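Q: Please take a close look at one part of this model. I would like its local geometry and its surroundings in one connected account.

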Amino acid sequence: MDALARLLDGPRAEGAFLLRSLLAPPWSLRIEDRAPLTLVALVRGGAWIVPDDAEPARLGPGDVAILRGPDAYTVADDPGTPPQVVIHPGQRCTTPEGEPLGDVMRLGVRTWGNDPGGPVTMLTGTYQMRGEISRRLLGALPALLVPPAGAWDGPLVGLLADEIVKDEPGQEAVLDRLLDLLLIAVLRAWFARPEAEAPSWYRANADPVVGRALRAVHRDPAQPWTVATLAAEAGVSRAALARRFTGLVGEPPMAYLTSWRLALAADLLRETDATIGAVARQVGYGTAFALSAAFKRERGVSPRDHRRDHRRADGRAGV
């Protein structure tokens, strides 16, 4: 398993919010939903993404934008069109004055807009990402990411457009997986570009030596890895691996392994009811005591307190 695939295990869509918008100008949507990660794809027509603190970006047919929340932004037919609709947390839709609009603009299965025959068809998908693994991915992204025309090619936007209007058994699972595939395809195209400043963990994955060690750690974090066993996996000496790994990733192999294991443990504690001992074994610590000592040393709280605090916070957020 490579670094991007493993990191995308964190934000994998589960019942993600997906909507098709049919729009005729003038139109302008103010997005204040605070979603951690949003994809906007143009099927037909054109649109502008207008962040509050960055230059607007134009989308044409087949283009996809990825927006890292929670900052607000506007999507419109033109950067100068004033907002007519505000999207709030929970996808609640109102006029700028606060009047509800959800039912007024509903146009069918997962479809919404101001004109069923409008020239613009836009797809929007939002991820409710939580946890340590998701934060690693979000931290690698700019606030607005739009790969230039021709940077990537594929049928996924068209497939998602076809499937989003269907209401069949298992449809949510189909849509979740298509959204994941689209996210992976766009991120892969973006990280391959020199201006993307891909994170060190992504660049290092392509290295014939360090990439092998990273894939081994991601594939099986519970293994009792040492620098020697990782070096054997990569086919080099311990000294060569340590030097090359530190140079490319920015930290020594064992430090990376520790931070990765503790990030996995943090998410397992938050998302499952597994005992601390069971979590410890899944991430490579022999006992609950060993995990607790490492967790508290690195994060300043015990695994038990981490689980309690985050579950309280999730409960307040309604997730």
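A: What follows covers a helix and its flanks, then a strand and its partners. The model is predicted.

Start with helix 10, which spans residues 276–283. Ile 276, Gly 277, Val 279, Ala 280 and Val 283 are buried there. Viewed down the axis of helix 10, these buried residues fall within an arc of 160 degrees, so they line one face of the helix.

Now the two ends. Just after helix 10 comes Gly 284, with a positive phi of about 100 degrees. Leaving aside neighbours within four places in sequence, Ala 274 contacts Val 279, Gln 282 and Arg 307. Arg 135 is 139 residues from Ala 274 along the chain, and 22 Å separates their C-alpha atoms.

Turn to strand 7, residues 73–76. Both of its faces are covered. Tyr 73 and Val 75 are buried on one side, Thr 74 and Ala 76 on the other. Strand 7 has two antiparallel partners described here. Strand 2 (residues 28–31) runs antiparallel to strand 7, joined by 4 bridges. Strand 4 (residues 47–51) is also antiparallel to strand 7, again through 4 bridges. Thr 74 figures in both pairings: Arg 30 has Thr 74 as its bridge partner, and Val 50 stands opposite Thr 74.

Terms used: Residues numbered from 1 in each chain as written. Predicted model: local features only at pLDDT ≥ 70, side-chain atom pairs only at ≥ 80, totals over all residues. Heavy atoms only, no water. Buried < 20%, exposed > 50% of the residue type's maximum accessible area, 1.4 Å probe, protein only. Arc of directions from axis to C-beta. Contact = heavy atoms within 4.5 Å. Pairing = 2+ DSSP bridges.
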